[in-house]
Amino acid sequence: MSQTETKEISGLDTQRTELKKIYKWVFELGAAALVLFYIYSAGFGSANEQFHLGFYLLLTFVLIGIFYRCRKNSPTSRPSLIDLSMIALSIFTIGYWIVEYPNLVNRAGNYSQLDIFVGGVAILISFEVSRRTVGWALPIIAVIGILYALFGRSLPDAISHHGFTPRRIIEYCYFSQAGVFGIMANVMATYVILFIFFGAFLEKSGVGQFFINLPMSLAGRSPGGAAKVSVMTSGFFGSVAGSAIANTVATGTFTIPLMKRTGFRPHIAGAVEASASVGGQFLPPVMGAGAFLMAERTGLPYSQIALLSIVPAVLYFLAVWVMVHFEAKKQGIEPIQDSEIPKFLPLLKSGWYYLLPLLALVGILIAGYTAYKAAFFSILVTIAVSYFRPETRLTPKRIWEAMVTGAKNSLAIGGAVGTIGIIVAVIDLTGLGRIFPDLVLSVAGSSKAIAILLLAAASLVLGMGIPVTAAYLITSELAVPILTTPEMGIPIIAAHLIIFWLSQDSNITPPVALGAYAGAAIARADPWKTGWACFKFSKLLYIMPLLFAYTHILFTGGTQVEYVLSVASAAVGTVIFSIVTMGFFVRKTHWYEWILLALATFLAYVYNIWTFIIAIVLVAIVYILQKRSESSF
């Protein structure tokens with residue numbers, strides 16, 4: 001996929017792809033410094049807190065100033081005067097925070113005029129950096145938040161507060177632990193960028209083709225085999241990718257043409273790839289950045305969060321898999337030609353070592369080591385594994401390319417870090433995190449379903465045009481207190497997973513649907529049709545939060561028997577739900593058959609043994625009806 005197409009996907013065409021030699025070297029040296037410093041910190045211990053966080057933001061802002069243009073008509077081969085000014089101010093303001101940190105701690109509550117000036121400039125730079133990397137949506141939300149903090153006294157009673165001065169807002173947004181250097185910066189600098197770097201090293205090591213061939217050898221011979229290859233490949237890549245869009249682009253360049261060649265319509269091919277790529281964000285070990293943020297916010301071990309997330313993620317992929325199966329049956333799409341499908345055992349025998357980086361990652365996490373240690377050793381294993389074949393060796397040149405690619409891949413979400421911190425700080429400062437739950441509870445009462453429906457709408461609106469991680473962090477700040485009230489009674493980990501799943505909807509739900517539009521760009525399909533098809537294939541994203549709230553699928557309550565029954569009934573319910581969504585079983589379903597299957601879906605998800613049996617009976621009835629009517633023609 002071309003650079004132009006990639007930039008069109010996100011709506012940002014301000015990247016400089018042909019820097020002059022001197023600026024290219026400066027950028028690559030900065031990128032290598034970022035990668036090497038944080039890989040070294042993961043393996044041998046990090047510097048003090050202010051340098052650990054400050055150096056990450058400083059280098060990220062500087063690299064963005066070089067790589068992203070201020071405007072579309074800015075120079076494409078060198079930074080403009082505005083870019084250089086932003087870079088200088090970034091170095092000054094963040095450098096000031098790093099150097100003055102001990103004194104700032106001592107001056108807390110009595111900051112100098114220079115402190116406030118530096119903080120104000122840094123906030124403006126954070127807005128500009130996020131505007132360049134992820135668009136206008138995030139800084140607009142932040143500005144609205146600051147206006148809310150300033151004029152809270154003038155607002156309706158339901159959302160009013162006593163208001164804050166500009167000085168107090170700057171103090172809280174820049175100098176407190178809730179702001180620019182808050183939880184988002186800490187999680188990014190400590191965990192997330194390491195896995196982005198890990199993904200870049202994997203990509204350069206040649207593992208990609210193996211992770212495409214392996215699913216093809218397993219699923220290529222079944223109906224709709226090309227789409228099933230897409231589902232499995234996206235699961236493999238997505239489990240370590242930091243972005244659904246990046247996953248769509250990385251795997252879709254192969255899987256989407258393959259789907260189109262075997263008979264899938266272009267918008268369906270793009271939608272299947274995007275839907276499966278979103279699922280990669282739910283699948284351990286990495287889960288985008290979600291698992292690390294949840295660990296920070298809940299105090300639960302990362303390993304526990306990852307373990308609890310496996311079953312829901314598998315159910316999501318099961319849903320997409322079954323849907324593409326029946327889409328293929330409905331359209332009469334044949335399997336992949338046998339001549340294109342590699343043999344499983346010879347493939348595994350010749351490339352088994354490609355699995356070692358992922359196995360190392362999972363094994364180190366299970367052994368109880370921290371996520372950043374696991375990322376550190378997995379990168380080393382990836383480099384070692386690449387030397388098994390001459391054509392995949394990570395030579396010094398390719399390692400350099402992997403570092404530059406990894407740093408580039410980290411800039412989009414890195415550019416959003418400061419602004420996300422400001423939004424979280426405003427929510428905390430104004431008490432909106434306490435006001436919003438009262439508003440939702442006044443509408444939802446004690447109904448979990450209504451509360452989740454309202455939060456899904458809020459998440460979709462908040463997620464328009466901003467990274468999924470940002471949407472999750474902002475929405476969880478407001479919504480988790482609602483779900484964990486005595487009226488709702490939802491365990492904290494379930495509450496966070498509900499919000500994390502709902503925050504993904506901006507990737508697959510029009511009008512934004514950036515993940516779907518990425519698939520559409522590769523498939524050369526109508527983005528709007530692709531978006532709605534993607535919404536159809538990803539519908540379990542809206543069902544799973546209800547299961548988190550009402551069942552024992554996370555093993556957050558009940559006995560082991562209840563948990564096993566919940567998982568079994570959820571799996572059956574997911575298969576039936578997928579049939580209902582596609583409107584096809586043995587043949588196209590009539591309206592009365594659709595109602596019976598919808599009722600069977602509900603009964604299966606209830607996770608009671610009797611309702612489970614009734615659900616199976618209803619499916620059997622529909623199957624018999626369809627087989628009989630089919631045989632009569």
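Visitor: What makes H2 and H18 roughly perpendicular to each other?

Guide: In this predicted model, helix H2 (residues 21-44) packs on helix H18 (residues 396-430) at an angle of about 85°, and their axes are 8 Å apart. Angles of 65 to 115 degrees count as roughly perpendicular, and therefore H2 and H18 get that label.

Visitor: Which residues meet there, H2 against H18?

Guide: From H2 you have Trp 25, Phe 27, Glu 28, Leu 29, Ala 31, Ala 32, Leu 34, Val 35 and Leu 36. They meet Trp 400, Met 403, Val 404, Ala 407, Lys 408, Ser 410 and Leu 411 in H18. Sorted by class, that contact has 13 nonpolar, 1 polar and 2 charged residues.

Visitor: Why is Ser 566 called buried?

Guide: Buried means under 20% relative accessible area. Ser 566 has 2%, so the word applies. You'll find Ser 566 in helix H27 (residues 560-582).

Visitor: And what does Ser 566 touch, not counting residues up to four places away in sequence?

Guide: Ser 566 touches Thr 551, His 552, Ile 553 and Tyr 607.

Visitor: How about Pro 437: why does that one count as buried?

Guide: The cut-off is under 20%, and Pro 437 has a relative accessible area of 6%, so Pro 437 is buried. Pro 437 lies in helix H19 (residues 432-444). Setting aside neighbours within four places in sequence, Pro 437 is in contact with Leu 432, Leu 478, Pro 481 and Ile 482.

Key. Residues are numbered from 1 along each chain as its sequence is written. This is a predicted model: local features need pLDDT of at least 70, side-chain atom pairs count only at pLDDT 80 or more; totals for chains, interfaces and linings use all residues. Side-chain values use heavy atoms; hydrogens and water are left out. Axes are lines fitted to C-alpha atoms, for helices over the stretch in contact, and angles run from 0 to 180 degrees between N-to-C directions. Helices (H or I, at least four residues) and strands (E, at least two) are DSSP runs, numbered from the N terminus. Angles under 35 degrees count as roughly parallel, over 145 as roughly antiparallel, 65 to 115 as roughly perpendicular and the rest as oblique. Contact means heavy atoms within 4.5 Å. Ala, Val, Leu, Ile, Met, Phe, Trp, Tyr, Cys and Pro count as nonpolar, Asp, Glu, Lys and Arg as charged, and the others, Gly among them, as polar. Buried means under 20% relative accessible area, exposed over 50%, partly exposed in between (1.4 Å probe, protein chains only).
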